[in-house]
Amino acid sequence: MTNSLSELSATYEKSIALQQEIIDKTRLKLKKASAEFNFKEIERLNSLLRILYDEKSELELSAYEMKKYLN
């Protein structure tokens with residue numbers, strides 16, 4: 001069981017890194033939309049960022065709990 005949880009923990013860490021990449025790309029799009037005064041796109045991207053940050057937070061919490069359990 002330890003190997004399975006270790007693998008799952010590693011998968012969560014990879015997912016967190018991927019989520020951060022998506023957040024970074026979305027923030028760049030938001031910066032561009034802001035420069036173009038595209039308010040509809042700004043609103044959409046801000047909503048998307050809230051969801052992405054919530055998902056990342058949940059992944060981080062789960063990864064932390066798994067690491068705590070493994071140690």
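Buried means under 20% relative accessible area, and exposed means over 50%. The exercises below apply these cut-offs to a predicted model.

**Exercise 1.** Determine whether Lys 56 is buried or exposed, and state where Lys 56 lies and which residues it touches.

*Solution.* Begin with the location: Lys 56 belongs to helix α2, which covers residues 39–70. Next, take its relative accessibility, which is 15%, and because this value falls under 20%, Lys 56 counts as buried. Finally, turn to its surroundings, where, leaving aside residues up to four places away in sequence, Lys 56 is in contact with Ile 16, Gln 19, Gln 20 and Ile 23.

**Exercise 2.** List the buried residues of α2, and compare the reach of this helix with the expected value.

*Solution.* The buried residues of α2 are Ile 42, Leu 45, Leu 49, Leu 52, Lys 56, Leu 59, Ala 63 and Met 66. For reading such a list, recall that an α-helix has 3.6 residues a turn, so residues three or four places apart point the same way. As for its reach, α2 has 32 residues and extends 46 Å from its first C-alpha to its last, which is close to the 46 Å expected at 1.5 Å a residue.

**Exercise 3.** Classify Phe 37 as buried or exposed, and describe its place and its backbone phi.

*Solution.* Phe 37 sits in the loop between α1 (2–35) and α2. Its relative accessibility is 62%, and therefore Phe 37 counts as exposed. In the backbone, Phe 37 has a positive phi of about 55°, although this residue is not a glycine.

Notes
Residues are numbered from 1 along each chain as its sequence is written. This is a predicted model: local features need pLDDT of at least 70, side-chain atom pairs count only at pLDDT 80 or more; totals for chains, interfaces and linings use all residues. Side-chain values use heavy atoms; hydrogens and water are left out. Helices (H or I, at least four residues) and strands (E, at least two) are DSSP runs, numbered from the N terminus. Buried means under 20% relative accessible area, exposed over 50%, partly exposed in between (1.4 Å probe, protein chains only). Contact means heavy atoms within 4.5 Å. The expected span of a helix is 1.5 Å times one less than its number of residues.
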